[in-house]
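Reader: I would like to learn how to read a protein model. Could we go through it feature by feature?

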Amino acid sequence: MPLCLRGGCVFGGPVLKVGLTGGIAAGKSVVGEMFVSLGAHLVQADRIAHSLMQPGETVYNEVVRHFGREILNSDGSVNRAKLAEAAFGAGSGGEGTGASRIVELNRIVHPAVIRSQDEWMHAIGQQDPEGVAIVEAALILEAGAADRFDHLVVVTCNAEQRTARFAARQKTDLETARKEVARRMAAQLPDEEKIKAADFVIDNSGSFHDTREQVGRVWQQLHPKSGI
């Protein structure tokens, strides 16, 4: 599979805006940190969303209004596990109900996150005009935000690894992890569709060293002046 599927090699110019995406537990954060070690700037959409859900924020108020105070901790902060249960439909009466609730949550959160991402990329462009600004986000394509980036990098892995990584991250057993991964993946485009839209694909199914080598080759095309 060629490294560049759509955009060709990249040479200099204004700050390069790169979207880094992939399915749940594919290893996006690991790949993102590898790019940072090579000189990229990185922001995680999940952290932006977390900051927007702090008490007093508009997004926080809307989420509580739509999902109820049952999703809150005793101090008023959002309990992300309870919000995930509400959004993905655990115990809510079926898959259709769950799907409608995740759409509802995304309609509240995505526009605000996208605005913050745009502001961040603009700021990086002012700070480092020839740099590479990477936004790590699971739902770039699903949110219709792909056209905000110059290039899209998709991280993939096999199903067994995805389940094992999710289980380790959530400290749960494999069967529970498998069901939860399947439930969450149902709200995302399949890897095959993401790969079709990608400029670069990084297969994170192998060793750490293998993934790092792939990242290095992509980086050489994104930032040829790096000299690696």
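This is a predicted model: local features need pLDDT of at least 70, side-chain atom pairs count only at pLDDT 80 or more; totals for chains, interfaces and linings use all residues.

Reader: Which side chain meets Arg 178 in a salt bridge?

Author: Side chains of opposite charge can pair when their charged atoms come close. The rule for a salt bridge is a side-chain nitrogen of Lys or Arg within 4 Å of a carboxyl oxygen of Asp or Glu. Here the partner of Arg 178 is Glu 175, at 3.0 Å from N to O. Both residues lie in helix H7 (residues 174-185), three residues apart, which is about one turn of the helix. Glu 175 is partly exposed, at 41% relative accessibility.

Reader: How many salt bridges does a search of the whole structure find?

Author: The search finds 10. Some of them form a network, which links Glu 180, Arg 183 and Arg 184.

Reader: Which residue forms a salt bridge with Arg 148, and where do the two lie?

Author: Arg 148 pairs with Asp 118, and their closest N and O atoms are 2.7 Å apart. Arg 148 is partly exposed at 36% relative accessibility, and Asp 118 is partly exposed at 26%.

Reader: And are Arg 162 and Asp 191 buried or exposed?

Author: Arg 162 is buried, with 5% relative accessibility, and Asp 191 is buried, with 12%. The two form a salt bridge, with their closest N and O atoms 3.0 Å apart. Arg 162 belongs to helix H6 (residues 159-170) and Asp 191 to helix H8 (residues 191-197), so the pair ties together parts 29 residues apart in sequence.

Reader: How many helices and strands does the protein chain have?

Author: Helices (H or I, at least four residues) and strands (E, at least two) are DSSP runs, numbered from the N terminus. The chain has nine helices and five strands. In order from the N terminus, they run β-α-β-α-α-α-α-β-β-α-α-α-β-α. Of the 228 residues in the chain, 45% count as buried.

Reader: What does the largest nonpolar core contain?

Author: A nonpolar core is a set of buried Ala, Val, Leu, Ile, Met, Phe, Trp, Tyr and Cys residues joined through side-chain atoms within 4.5 Å. The largest one here has 40 residues, and Phe 67 and Leu 105 are among those with the most contacts inside it. Elements that each supply at least two residues include helix H3 (58-67), helix H5 (95-127) and strand S4 (151-156). H5 gives the most, with 10 residues. A second, separate core has 19 residues, including Leu 16 and Trp 219.

Reader: Which residues does Phe 67 touch?

Author: A contact means heavy atoms within 4.5 Å. Leaving out residues up to four places away in sequence, Phe 67 touches Leu 83, Ala 86, Ala 87, Arg 101, Glu 104, Leu 105 and Ile 108.

Reader: How many aromatic pairs does the count come to?

Author: Rings of Phe, Tyr and Trp (its six-membered ring) pair if their centres lie within 6.5 Å; planes under 30 degrees apart count as stacked, over 60 as edge-to-face and the rest as tilted. By this rule there is one aromatic pair. The ring centres of Phe 35 and Trp 219 are 6.3 Å apart and the planes are at 50°, so the pair is tilted. Phe 35 lies in helix H1 (residues 28-38) and Trp 219 in helix H9 (residues 208-222), so the pair links distant parts of the chain, 184 residues apart. Phe 35 is buried at 1% relative accessibility, and Trp 219 is buried at 1% too.

Conventions:
Residues are numbered from 1 along each chain as its sequence is written. Side-chain values use heavy atoms; hydrogens and water are left out. Buried means under 20% relative accessible area, exposed over 50%, partly exposed in between (1.4 Å probe, protein chains only).
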